[in-house]
Amino acid sequence: MLLARVAEEKIASLYRAGKIHGGVFLGRGQEALSVAAGLALRKSDVFAPLIRDGAGRLAFGEPLIDAVRTYLGSRLGPMRGRDGNVHRGYPREGYLPMISHLGAMISVVNGVLFARRMKGIPDVVGLASVGDGATSTGSFHEGLNQAAVERLPLVLLIANNQYAYSTPNHRQFACRDLADKAAGYGVTCHTIDGTDFMECLRVLPAVVARAREGGGPQMVVARLLRLCGHGEHDDAGYIAPEFKTSALGRDCLHVAEEQMMQEQAVNAAELEAWRTETMEKVERVIARVQREPAPDPFQEDWRAIQTAHLVEVSASANPVDSRAPGAPQP
Amino acid sequence: MSVTYLEAIRAAQARALAEDPRVFIYGQDVGAFGGAFKATKNLIAEFPGRVLDAPISEDAMMGLAVGAAIEGLRPIIEMQFADFSTAGFNQIVNQAATLFWRTQVPCPIVIRLPGGGTSGSGPFHSQNMEAVYAHYPGLVVLTPATVEDAYSLLLAAVALEDPVIFCEHKLLYYHLKAEALPNEALPLGKARLAREGRDLTIVTYSAMVHEALAVAQELCLEGWEIEVVDLRSVKPLDTDTVMASVARTGRLLCVGESWPWGGVTAEVIARVVSEGFDLLDAPPQRLNAKDTPVPFHPNLWAAHRPTARSIAAAARTLLRS
């Protein structure tokens, strides 16, 4: 949680300094839920994170440098500048790179689970992460229904952070609670306080275990508040002040720190040392990635299919423009 | 013994299932029912657990296929009608088509689209989707016109590491017959000279190949020799074969059953004009369906799409120009 928070704050500051291409999307306020999801999974499980799952990605095993490389567009990153920011992953390792269309990853997780079942690989769970906005999409409905029909070990984690971009819950859905939707799919639902680190740590492994034991798809609805804009371009002026002062608005990282001190798992001095250590680690990784090469249009193969001999070579295709900004001079 | 276009598609799927344990079929009513057109008839009995009925969820069907392809399986997705693939469009063009480029993980999926007009089918059971999918990078788009190609191109598609849009023409399903299934085939990506000639080239694909061949036969009686190029694959598009034909004839008529704006006929003409303008003795022409939804009534439908009659008229005008 701390590593995700510190790394994302640093990336946000690079964004404000104009050093990031494209958007920056923070998980601020969602780290407790996300990290608990990542920790609840095994490395051999399937994880389809969404934009606010920086903490869960780290917990699932993504090296910090992958996130930094993808944000900074390093050629050495998993997406090599072809895709950026939160769009990263290693599909073959069960770590699925999201597309931007909400709810679309649910059925892809289903497909991985379906294939592993067909191949006879036991004890797999797939976790797809979505927000309140995704629950309005057709993909969400089709994906959850499909998982239920196939009785797949899917955990569908819904972070209800009260706003989909700027749209509040009451303009997003009309049911009393998102959890009410689960019954319509024949799916069990669990509701949790996403700001409560200990509750997240307790519930998510239990839910994942239920799915692993053959309990069918599980839905989790977590209540929390996004403590930032949709992206760093967004000042989030639309968030109602009463939310910020309510229990939903408390910072899950502070809650976690207090809970751990209460449990005497850590003391204030140790926490401070963790913070310093984490800052140094993040600074080191960013400094390293900033020295790495950017993608080079002349070295790109510009090939969208695997089968090389079926690639179209058309004279009318746009040649690489040597005058493009950042392009090396011939 | 003869085999129909539809039987060839069923036979290709049976062979793919038999030869490759990674293959499975997923689609609406494809199981015990055998599919809306019976393209999967009895396959569930021969290959239990590998032919699965899907809910009416084109988006989730495609998403599941992508996940399974990531895991190394080779899904064949039957869209009940090509028209309904628009309900799964996002997963096809944004998920399946981008996966390899984004991650270097191939996405071997065959998406079978029973398409094209038949009398009485109307606006939502008649569409041709090849141009729409060919527009997106990351997809291979095949349009078999013959029984032999329905069989061999489908097998080639299943063997490919990339997502394939396989455009089957419903009009050919029952009526088009061959003596036997082929033992060998032209490679995928190569167009076929369906008929040789020297006066005019008609470039077309799918069911329109048969209209064009009828025109070639008819104009032969008038002394014209029409060459017919069957593209077989619209993406990749075999520009070399088209250009070689135009070099022989100097005249090009491109025919497609799809709508006129953009699309395969426009692409062929754009390539010929930009890469082989000096080969042309007359302005190249194209013939497509009218720019309206596909009509229901046979009187309207027959006038909506190109037919041997309208193709022959266009060819005569071009031959005289």
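What volume does the second largest pocket have? The second largest pocket has a volume of about 370 Å³, where a pocket is, on a 1 Å grid over the protein atoms alone, an open set of points with protein on both sides within 12 Å along at least five of seven lines. This is a predicted model, in which local features need pLDDT of at least 70 and side-chain atom pairs count only at pLDDT 80 or more, while totals for chains, interfaces and linings use all residues. Residues are numbered from 1 along each chain as its sequence is written, and chains are lettered from A in the order in which they are written.

**The second largest pocket**

- The lining of the second largest pocket is made of 24 residues, and Leu50(A), Ile51(A), Arg52(A), Leu102(A) and His230(A) are those nearest its centre (lining residues have an atom within 4 Å of a point).
- Strand S2 (126-131) and strand S4 (163-164) of chain A each supply at least two residues of this lining, and the largest share, three residues, comes from S2(A) (strands are DSSP runs of E with at least two residues, and helices are runs of H or I with at least four).
- By class, the lining of the second largest pocket has 12 nonpolar, eight polar and four charged residues (Ala, Val, Leu, Ile, Met, Phe, Trp, Tyr, Cys and Pro count as nonpolar, Asp, Glu, Lys and Arg as charged, and the others, Gly among them, as polar).

**Helices H5 and H6 of chain A**

- Helix H5 (residues 104-118) and helix H6 (residues 138-149) of chain A pack at an angle of about 25 degrees, with their axes 7 Å apart (angles run from 0 to 180 degrees between N-to-C directions).
- H5(A) and H6(A) are therefore roughly parallel to each other, a description that applies to angles under 35 degrees.
- Among the residues making the contact are Ala104(A) and Ile106(A) of H5(A) and Phe140(A) and Leu144(A) of H6(A) (contact means heavy atoms within 4.5 Å).
- This contact of H5(A) with H6(A) has five nonpolar, five polar and no charged residues.

**Cavities**

- The count comes to six cavities of 30 Å³ or more (a cavity is a set of grid points where a 1.4 Å probe fits but cannot get out).
- The largest cavity has a volume of about 130 Å³, and its lining of 15 residues includes Glu8(A), Tyr71(A) and Arg88(A).
- In the lining of the largest cavity there are 11 nonpolar, one polar and three charged residues.

Terms used:
Side-chain values use heavy atoms; hydrogens and water are left out. Grid points are joined across faces, edges and corners, and a volume is the space filled by probe spheres set on the points. Angles under 35 degrees count as roughly parallel, over 145 as roughly antiparallel, 65 to 115 as roughly perpendicular and the rest as oblique.
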